Amino acid sequence: MATVTDLQTKYSKLAQEYSKLRAQNQVLKKAVVDEQANSVSLKEQLKQRDQSLRKQEQEMDSLSFRNQQLAKRVELLQEELATSEAKGKKGKHGLQTQNVFDEDLQKKIEENERLHIQFYEADEQHRRQEAELRTRLQELEKDSDQHQAVVDGLTTKYMENIERLQSDKARLEVKAQTLEREAKECRMRTEECQQQLRRCQSELNKQVKQSSSVIQEKVPFNDTKFSDYNSLNVPPHNRRHQIKSRDVAGQALSFIQDLVAALLNFHSYTEQRVHIYPLDSSIEPISPLNQKFSQYLHENAAYVRPLEDSFLQLHESITEDTVTVLETVVKLKSFADNFSSYTHFLQKILPYQLKSLEEESDAALSTAALTAKNQELQSDMKRITSVFEKLKNYINLLALPSVQQDAMPQSSTSAVFTQLAACLHSLHDAIKEMSKHYNQKAGLEQELPTITQKLCTTSECLLGSLGSLTSSTGKIATFFSNNLDFFTSSGYSTRTSTLALNPLQAESMLANKKKAAAYIQAIKKPRPQSVAYKEALTNRRILTSSTESREGLTQQPSSHKLTVHSSPLPSGLLQVMQSQEKIARLEQEKEHWLLEAQLGKVRLEKENQRIADLEVQLAAALGGSPNSLTAAASTLAQSHEEAEMEQKAAGKEATLCTSLVGMLCTTSTVEHVGDEESREQLIKTHYMVRVGELTTQLQISDSKAVHFHSECRALAKRLAIAEKSRETLSEEVKVANQNITRLQDELTTTKRSYEDQLSMMSDHLCSMNETLSKQREEIDTLKLGSKGNAKKNKGR
């Protein structure tokens, strides 16, 4: 894991450096583009100057030619003047011609001066332009040298980065190989752990079989261990709750249908708006991002329609003859899955929504107010997506008890319903805020000069869908808050516990309902045997007392440690052994009282026989003479004395012959009393020793059973821990393999991107070198042209 974190940190550093270099590359690209534009403008200026220079050279050539003609003309005129002076003054006509020649010569001289001035000014202007161009050329050469230095620095930096990335790649490959070796070692260890696990499972199965056999033989069955199967834990069927549930589900279905219709309209009109603004798809193609966004929005019905269908199935599953609680509403899971898929759809289109609004803000006709509204709409869409994510989590929590029993207690369910109601209100507020911002945005868009009727109509439809969406979410939030007490109430509660209703109890409830309906409809048919209410209460008290006694046995005693074979026993076993001793003592007392009862029965029979004899004697005495009456009276008194003596003797005999293991029948002679007592004492001690031995053996076997049971539990815990560690190791191996593949992919992508950038930079350098060579050639040609012109001017 440490190597993976190091790789991630190094990769993040490389990504930061790459982003910095990319930003610098963008700046350099912009600078190169600017310099290219400057070079193009300078080329245009150079062409214009070259054209003006050529014009001036042509003018200079024409002026020089004209100057030569005038010079020849002046020479001719001077020659004529000389000839005329040589001939002398020949009259008035000669003076007139001389004046004409003088005037003509003066004009030519003035014209020649003017031309010389123009030539001098043109030459000065040419020299000035040439100096400016030379300075500009020097500046451009300096800039090109600077750009070349920057490009060389970037190439060296990129080469260093490439070398560093290659070294990182080699290091990552080495780490990947080490990770593969570690993965192989982990696989080998997991195989060894699996083998150990199989051995432990086989041993545990054997021990569990032995323990279960011991428990079945020694531990009595307690019917109150599984309270779910007890008929007293099944609640009665609540028809009012079912009617209320169906009514609430029907209202919720109508609200869900309105919400689905509003969502469909909103996504459809959003798709139409993407095709219209900022670019109309009928005139020019829209951006690839908006095309992808439109494609995703076109699939909205596949995510929105299942919400209505799954909730309709949920509503149809709730009838008066069903049990509607979170643990039995199985159709809620399909609705939660569909809602999760729609939430994933919203998360998928959220980046495209944000980018689409950014494109609208970057449009040419976008104003600052529209940009601000687009930013507000971006925050609203993020908020709505987050609220839908929260709703998805709460709905999945509510659907969890129908899939997994005892997944969530009643208090947590109430808290989830409360948070869900608050989340629905926040959804209504977020959609209301987005509708307000969209309305303001539509008002600002209508003020634009290039707004179309198609866009206005689409915006109005989109605002209508947002209004219906706001109304439906508000109704859902209000409906949920009004029925929050019904959602948080249990509706079904058992007589013996306040736990949630599970599917087994629901099935028992429906079966009892069907039995009751059949019992009422068919009274004449033979009725099934039922248990009286008082008997059921008595059985329940017996079950409760037995459960309490079992719980008392499992409690830890405050003192006393029993040691068997020099090993301390568990607290529960100690109390069990104490109870067994108590049970043995009570059994002995029971035998004692059974013998007492048997002895009392014998004495009662003797008394009845004696009374019968006395009654016979009394009847015989009454039937005789008075002497016989006195004789009867004396015999009656004698019989009473004999009875008292027999009772004393019988009591003495009972004390002598009654024992803890039975009754020893002997004659009542005085000389055998000592032998009887000694024999009885010997039998008593023998059986007591035997009972003690059996008790110790029973305690030893019970302690071994408990010890094996605790060992089985410990091994089971170790097995569970080994399973968890194996799962974590397999997950870590999977994560490591995924990280390796991801890093390899990222390495290949970065390598490819750097190669592409290097190729682009090399092409750009080649083009820059070509442009610089062309500029140098043009500058050389201009220098040569300027030198030739200077030589011509010197020759003139």
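1. Basis. This is a predicted model, where local features need pLDDT of at least 70, side-chain atom pairs count only at pLDDT 80 or more, and totals for chains, interfaces and linings use all residues. Residues are numbered from 1 along each chain as its sequence is written, and side-chain values use heavy atoms, leaving out hydrogens and water.

2. Overall make-up. The chain holds 15 helices and two strands. Both are DSSP runs numbered from the N terminus: helices are H or I with at least four residues, strands are E with at least two. The chain has 796 residues, and 28% of them are buried. Buried means under 20% relative accessible area, exposed means over 50%, and partly exposed lies in between (1.4 Å probe, protein chains only).

3. Surface and contacts. The accessible surface is about 51,800 Å². Carbon and sulfur atoms account for 55% of that surface. Areas come from the Shrake-Rupley method with a 1.4 Å probe; for residues, only the protein chains shown count as cover. Take the contacts between residues at least 6 apart in sequence: 84% of them join residues at least 24 apart. A contact means heavy atoms within 4.5 Å.

4. The arc is that of the directions from the helix axis to the C-beta atoms.

5. Helix 5. Residues 301–317 form this helix of 17 residues. At 1.5 Å a residue it should span 24 Å, and its end C-alpha atoms are 24 Å apart, which agrees. The expected span is 1.5 Å times one less than the number of residues. Buried here are Val304, Leu307, Glu308, Ser310, Phe311, Leu314 and His315. Seen down the axis of helix 5, these buried residues fall within an arc of 165°, so they line one face. The face turned away from the buried side carries the exposed residues Ala302 and Glu316. Cover for the buried residues of helix 5 includes helix 3 (239–276) and helix 6 (331–361).

6. Main core. The largest nonpolar core has 64 residues. Such a core is a set of buried Ala, Val, Leu, Ile, Met, Phe, Trp, Tyr and Cys residues joined through side-chain atoms within 4.5 Å. Leu332, Phe335, Tyr342, Leu391 and Phe480 touch the most other members.

7. Another core, of five residues, lies apart from the largest one. Among its members are Ile276, Tyr277, Leu370 and Leu455.

8. Leu391 and the cysteines. Leaving aside neighbours within four places in sequence, Leu391 is in contact with Phe339, Leu420, Cys423, Leu424 and Leu427. Cys423 counts as buried, at 5% relative accessibility. Cys456 is buried too, with a relative accessible area of 15%. A disulfide is a pair of cysteine sulfur atoms within 2.5 Å. By this rule the count is zero.

9. Helix 2. Lys175 lies in helix 2. Is Lys175 buried or exposed? Lys175 counts as buried, at 17% relative accessibility. Not counting residues up to four places away in sequence, Lys175 touches Asp6, Leu7 and Lys10. Arg189 also lies in helix 2 (residues 92–218). Arg189 counts as partly exposed, at 41% relative accessibility. Arg189 and Arg726 are 537 residues apart in sequence, yet 9.2 Å apart in space, C-alpha to C-alpha.

10. Helix 15. Leu698 is found in helix 15 (residues 673–795). Leu698 counts as partly exposed, at 30% relative accessibility. Leu698 and Gln580 are 118 residues apart along the chain, with 9.4 Å between their C-alpha atoms.
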